[in-house]
Amino acid sequence: MYFYFGKNTGSYFDTLKVTIEIFVWRQKGYVFFGCVACLCTLFLMKNKKFYPWLVVALLWVVALLNYMDRQMLSTMQDAMKVDIVELQQAEAFGALMAVFLWIYGIVSPFAGIVADRISRKKLVVGSLFVWSLVTYLMGYASSFDQLYMLRALMGISEALYIPSALSLITDWHE
């Protein structure tokens, strides 16, 4: 999910309190999901038959969140226009959406090469860390330029995730 910390009480979220409550709910969800994933991993590591499918399930959830995150920005358009004046122009918002896709498309072919040369596990974890950090920082962005750079960085992060995750899946299903 994408979180936008609106400064204006008339924005999409009525108050900062609502946003913080959603943020806390998200964090609790991650903790719950993380605990369940750890318990399942410990249980299924003993059984080599099911562990590869656990890897598929966990990476699928992350990929789903990545795809959802790409579209969440468009749902926040009205709230963002209140705080960042440049986004009131359709061209600026289009550029903000397009920079992710352009960077993602350019980096994707090279991401496969990187996934073949670097530890896939470390690349997946690193991509998730950068993705989470960028998502967090976008909530505090106060200018179009900041959002633009963060969306470009998110394009790099997500482009590195898919090839490494798919390679990790094939490693476990040999």
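The crossing of helices H4 and H6 is right-handed, a term used when the near helix is turned clockwise from the far one by less than a right angle. This is a predicted model, in which local features need pLDDT of at least 70 and side-chain atom pairs count only at pLDDT 80 or more, while totals for chains, interfaces and linings use all residues. Residues are numbered from 1 along each chain as its sequence is written, and side-chain values use heavy atoms, with hydrogens and water left out.

**Overall fold**

- The protein chain has 6 helices and 0 strands, where helices (H or I, at least four residues) and strands (E, at least two) are DSSP runs numbered from the N terminus.
- Followed along the sequence, the pattern of the protein chain reads α-α-α-α-α-α.
- Of the 174 residues in the protein chain, 37% are buried; buried stands for under 20% relative accessible area, exposed for over 50%, and partly exposed for what lies in between, with a 1.4 Å probe and protein chains only.

**Packing of H4 and H6**

- Helix H4 (residues 90–117) and helix H6 (residues 144–172) have axes that come within 7 Å and cross at roughly 30°, the axes being lines fitted to C-alpha atoms over the stretch in contact and the angles running from 0 to 180 degrees between N-to-C directions.
- The residues of the contact of H4 with H6 comprise 21 nonpolar, 5 polar and 3 charged, where Ala, Val, Leu, Ile, Met, Phe, Trp, Tyr, Cys and Pro count as nonpolar, Asp, Glu, Lys and Arg as charged, and the others, Gly among them, as polar.
- Tyr161 lies in helix H6 and, with a relative accessible area of 1%, is buried.
- Between Tyr161 and Ala115, which are 46 residues apart in sequence, the C-alpha to C-alpha separation is 8.8 Å.

**Salt bridges**

- The whole structure contains 2 salt bridges, each defined as a side-chain nitrogen of Lys or Arg within 4 Å of a carboxyl oxygen of Asp or Glu.
- Arg120 forms a salt bridge with Asp116, with the closest N and O atoms 3.6 Å apart; Arg120 is partly exposed at a relative accessible area of 22%, whereas Asp116 is exposed at 54%.
- Arg120 also meets Asp171 in a salt bridge, at 3.4 Å from N to O, and this pair links distant parts of the chain, with Asp171 in helix H6 and Arg120 in helix H5, 51 residues apart.
- Asp171 is partly exposed, at 35% relative accessibility, and Asp116, Arg120 and Asp171 are linked in a network of salt bridges.

**Nonpolar surface patch**

- Phe129, Leu133, Tyr136, Leu137 and Tyr140 make a nonpolar surface patch of about 520 Å²; residues of such a patch have over 30% relative accessible area and no salt bridge, and nonpolar side chains (Val, Leu, Ile, Met, Phe, Trp, Tyr) are joined within 5 Å.
- Phe129 belongs to helix H5 (residues 120–138) and counts as exposed because its relative accessible area is 57%.

**A contact across the sequence**

- Pro52 has its place in helix H2 (residues 51–75) and is buried, with a relative accessible area of 9%.
- Although Pro52 and Trp172 are 120 residues apart along the chain, their C-alpha atoms are separated by 5.2 Å.

Definitions and conventions
Patches are made of residues with over 30% relative accessible area and no salt bridge: like charges are joined within 9 Å, nonpolar side chains (Val, Leu, Ile, Met, Phe, Trp, Tyr) within 5 Å. Accessible areas come from the Shrake-Rupley method with a 1.4 Å probe; for residues, only the protein chains shown count as cover.
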